[in-house]
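Student: Could we go through this structure together, one part at a time? I'm new to reading these.

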Amino acid sequence: MATLGKYTDNDHICYPCKAFEREIRVYRPYFHFCYIPVFPIGPKQFEVRCTNCGDRTPSENLIRKYERRAKTPFYLYSAIILSVAITAYWFYWNNNNQKHRAEFVGNPAVDDVYIIKEDADIGKNYYFLRIAGVRGDTVIAFHSNLQYNYFVTSLSGDDYFVKADTTIYLRKQLKDMLERGEIYMVKRGYGDGGGFNRIR
Ligand SMILES: [Zn+2]
């Protein structure tokens, strides 16, 4: 239940005591998710009380007046606003990621790290490449020692790039991999956080 409004009314007489002061509260049942009201699941409800005699008889005129006045407060839209913001941010991030990927793969630089996603027998396989050298049309890369069967963005604690085992790619091959969606992410200018500086 969410409170839409709390009012004091001085326009309508209380018949039992003839006073003109009523307290009106307007509620509406809402579907809540994580304590956030998301959408209404019933009509508005009214609680009327005469502050003089305590009489709780609602009058139709009174209800009509405050029915109109009790607008849905801004915070009840919070869930919708929050989800729109998250979606917008995701699109922005994804768009940025795609732009960077195309830019970086088109112009590979030493130390770039690629997250590779490949089809496996069951699900997907993830591993990392780190560019060790670029010579003309060829790109030399270290691969991570481990492969992962779940989405990763950083090396696991005991993983590292294998210095003794390099793979040679043509620039064209990398572009094809990008087009097939196999180069899932490209990291450039990373810090120590991802473990990408571990080469053994
Ligand atoms: Zn009264």
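Student: What do β6 and β7 form, and how many residues lie between them?
Tutor: β6 and β7 form a hairpin with 4 residues between them, and G123 in that turn has a positive phi of about 70°. Strands here are DSSP runs of E with at least two residues, and helices are runs of H or I with at least four, both numbered from the N terminus. This is a predicted model, in which local features need pLDDT of at least 70 and side-chain atom pairs count only at pLDDT 80 or more, while totals for chains, interfaces and linings use all residues. Residues are numbered from 1 along each chain as its sequence is written, and side-chain values use heavy atoms, with hydrogens and water left out.

Student: How many bridges join β6 to β7?
Tutor: There are 7 bridges between β6 (residues 113-119) and β7 (residues 124-135), which run antiparallel; two strands pair if DSSP finds at least two bridges between them. The bridge partner of E118 in β7 is N125.

Student: And what about β7 and β8?
Tutor: They form a hairpin too, with 2 residues between them, and G136 in the turn has a positive phi of about 60°. Here 6 bridges join β7 to β8 (residues 138-144), again antiparallel, and R130 stands opposite F142 in β8.

Student: Back to β6: is I115 buried or exposed?
Tutor: I115, which has its place in β6, counts as buried because its relative accessibility is 0%; buried means under 20% relative accessible area, exposed over 50%, and partly exposed in between, with a 1.4 Å probe and protein chains only. Leaving aside residues up to four places away in sequence, I115 touches several residues, including Y126, F128, V152 and M185, where contact means heavy atoms within 4.5 Å.

Student: New topic: which residues coordinate the zinc ion?
Tutor: The zinc ion is coordinated by the SG atoms of C14, C17, C50 and C53, at 2.3 Å. Donors are N, O and S atoms within 2.8 Å of the metal (3.2 Å for Na, K and Ca), and because water is not among the atoms, sites may look incomplete.

Student: What is the spacing of those donor residues in sequence?
Tutor: The pattern for the zinc ion is C-x2-C-x32-C-x2-C.

Student: And are C14 and C17 buried or partly exposed?
Tutor: C14 is buried, since its relative accessible area is 0%, whereas C17 is partly exposed because its relative accessible area is 23%.
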